Every structure is written in C-alpha cells, then in structure tokens.
Amino acid sequence: MTSRFLVEQIRKKESFLCIGLDTDLEKIPKHLLKEEDPIFAFNKAIIDATQHLCVAYKPNTAFYEAYGIKGWQALEKTINYINANYPEIFTIADAKRGDIGNTSTRYAKAFFEEMGFDSVTIAPYMGRDSVEPFLEFKDKHTILLALTSNKGAFDYQTKKVEGKELYKQVLETSKSYRNAENLMYVVGATKASFLAEIRNIVPNSFLLVPGVGAQGGNLKEVCEYGMNKDVGLLVNSSRGIIYASNDRHFAEAAAEKAKELQEEMSLELRRS
Ligand SMILES: O=c1ccn([C@@H]2O[C@H](COP(=O)(O)O)[C@@H](O)[C@H]2O)c(=O)[nH]1
C-alpha cells in the first residue's frame, strides 16, 4: 500500500488508529477456547467489530510465535482475512527484525511476499546493510525503532554518540538509506515531549506511536507535537482495546474503546 493511500484512508475515516492484535490465550474470553483456532476466532471478531474505526492492524508476532506452528497459522489466517475482506487497511507485522543482509532479505520475503503484510518493524542496531534489504520492496514499509515507549529506551537510545543522541543518529542516518522513502519510525507515546525535535529531523515520515492506553501515553500530546501536514501518525493501542471485556460481548466492548479513540482523533484532525 502506498503512503498516499494510507493518508486518504485516514482522512476518509477520520482516524489514525492502529489496533494491536496482541492475542493472548490467557486473556481472551473462555468460551472461545472451544473453537478450532481460538486466536483467529478472537482476531476475526475484533477485526469485524472495529475495522470501520481504524486504519491499521498490528499483530505483534511474539504473541503468535509463543504458540509455535498453531500461532503462525493463526497469524497467517489473520493477515489473509484482513487482506481479503478489508484490503484498504494497512497491516504491520510487529516483528522487530534485522540481521546481516542476506538474512534480512529472507525476513523481508517472509513478511512482505509470503505473508502479505504492508510493513514490518525493524531494529536499527545492525545498521544500513541490515535495513536496506527491507526497503527494496515497492509499496512496502519498514518501520524503524527510533525512540521506544519503554523505560529501557533511556539505556541507549537517548545516550549521546559523537555528540548526538543515538535515536537522532538513527533518524538522520537512515534518511540516506537506499529507498529511504519507504521508511517509517516507531516513537513511543510515552516520549511525546521528544516529538517536536523528531519532527524537525523527519518532517514528512509516518510515525507509528505505541503506548497510549495501557502504557499511559497521551493522545493529545502526541498530536500536538507529532502531527504533520499529512497527519503522519499511526497511533497504536493493543490491550486497551482488545481486552476491554472478556465476556461474550468482548468485540462490542473493543469497538466502544476504539470508537472513543477514533472520536478523539477526529477532533484532533478537525483542529489541525
Ligand atoms: O516502543 C514500542 C514498540 C513496540 N511496542 C509494541 O506495541 C504494542 C503496545 O501494546 P499496548 O497493549 O497498547 O501497550 C505491543 O505490541 C508492544 O510490543 C511498544 O509498546 N513500544
């Protein structure tokens, strides 16, 4: 999917909400455990109930890998279901990959070609040759971890290297990568106070912003400092939406939570 199409969808739906499908068998409603594939049954219900309120879904692959082959199958069914029924929705494999070049190429083929995701999250630590293989895929997006939402972000990402914070080095250096127009960046909602400076470095790039809801990030602040002329934001909430309730009405409850965020986003879009 092109980023221009993504911007059109954001304007049309008045939403830049990304729903995280971090599906955990210990948290889903008990009645679903009787289904042949409880993870997919849960995801399908959540997707059908929320697809009109969001522009992206982000399964975090850890939640699927944790269940071995069955987990991978559930992930594959989920992405196939979205692509077949809601092709206008942007999909993110939150896999945080990155390796030497030939291995990165295999990761890129797995997520972009084999599974059909629009984007994948990548750790930048191994540098240019670990990221560029992902950027070669037309209309696919590589979402580089820049400043993450967790406390550990302060261990390295904000430390100065040659006089400049590491996350700024990541942002600046990556702009010179081959096909850098396919880059987006992860910036935690809990780091909203850094967003103005980040926007100075990457004024036109999309930012994937996790950390509203369960991690306490503030949507208003994210919008104030992070929005650009094309909106430029995908704000993710996972637990705060998908586990709104664990009874038989879990999907409606998730839709209510998603609606609350979408309405806030609509106001921010009108204000901008
Ligand atoms: O900096 C980061 C990068 C990724 N994540 C992921 O996003 C979701 C957040 O889930 P919530 O339940 O809304 O807190 C999850 O998959 C994380 O692994 C992040 O939180 N921060």
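Biologist: Which residues are the closest to the ligand?

Modeller: The model is predicted: local features need pLDDT of at least 70, side-chain atom pairs count only at pLDDT 80 or more, and totals for chains, interfaces and linings use all residues. Residues are numbered from 1 along each chain as its sequence is written. The ligand is surrounded by 18 residues (C-beta atom, placed from the backbone, within 6 Å of it). The closest are N60, T148, P210, S238 and R239.

Biologist: Which elements give two or more residues to the shell around the ligand?

Modeller: Elements are DSSP runs numbered from the N terminus, helices being H or I of at least four residues and strands E of at least two. Two or more shell residues come from each of β10 (233-237) and α11 (239-242).

Biologist: How many residues of that shell are polar?

Modeller: Ala, Val, Leu, Ile, Met, Phe, Trp, Tyr, Cys and Pro count as nonpolar, Asp, Glu, Lys and Arg as charged, and the others, Gly among them, as polar. Three shell residues are nonpolar and three are charged, while the polar ones number twelve.

Biologist: Why does the radius of gyration of the chain agree with a compact globule?

Modeller: The C-alpha atoms fill a box of roughly 55 × 45 × 35 Å along the principal axes, and the secondary structure comes to twelve helices and ten strands. The globule rule, for a radius taken over C-alpha atoms, is 2.2 Å times the number of residues to the power 0.38. With 272 residues, a compact globule would have a radius near 19 Å, and the chain agrees because its own value is 18 Å.

Biologist: Are helices α2 and α4 roughly parallel or roughly antiparallel?

Modeller: Axes are lines fitted to C-alpha atoms, for helices over the stretch in contact, with angles from 0 to 180 degrees between N-to-C directions. The axes of α2 and α4 (residues 68-85) lie 9 Å apart, at an angle of about 25 degrees. Angles under 35 degrees count as roughly parallel, over 145 as roughly antiparallel, 65 to 115 as roughly perpendicular and the rest as oblique. The two helices are therefore roughly parallel.

Biologist: Which residues of α4 does α2 meet?

Modeller: Contact requires C-beta atoms, placed from the backbone, within 7 Å. On the α2 side are I39, F40, N43, K44 and I47. On the α4 side they meet G71, A74, K77, T78, Y81 and I82.

Biologist: How does α2 lie relative to α12?

Modeller: The axes of α2 (residues 38-50) and α12 (residues 250-271) come within 9 Å and cross at roughly 45 degrees. That makes α2, relative to α12, oblique.

Biologist: How many residues of the contact of α2 with α12 are nonpolar?

Modeller: A45, I46, A49 and T50 in α2 meet A251, E252, A254, A255 and A258 in α12. One residue of this contact is polar and one is charged, and the nonpolar ones number seven.

Methods
Contact = placed C-beta atoms within 7 Å.
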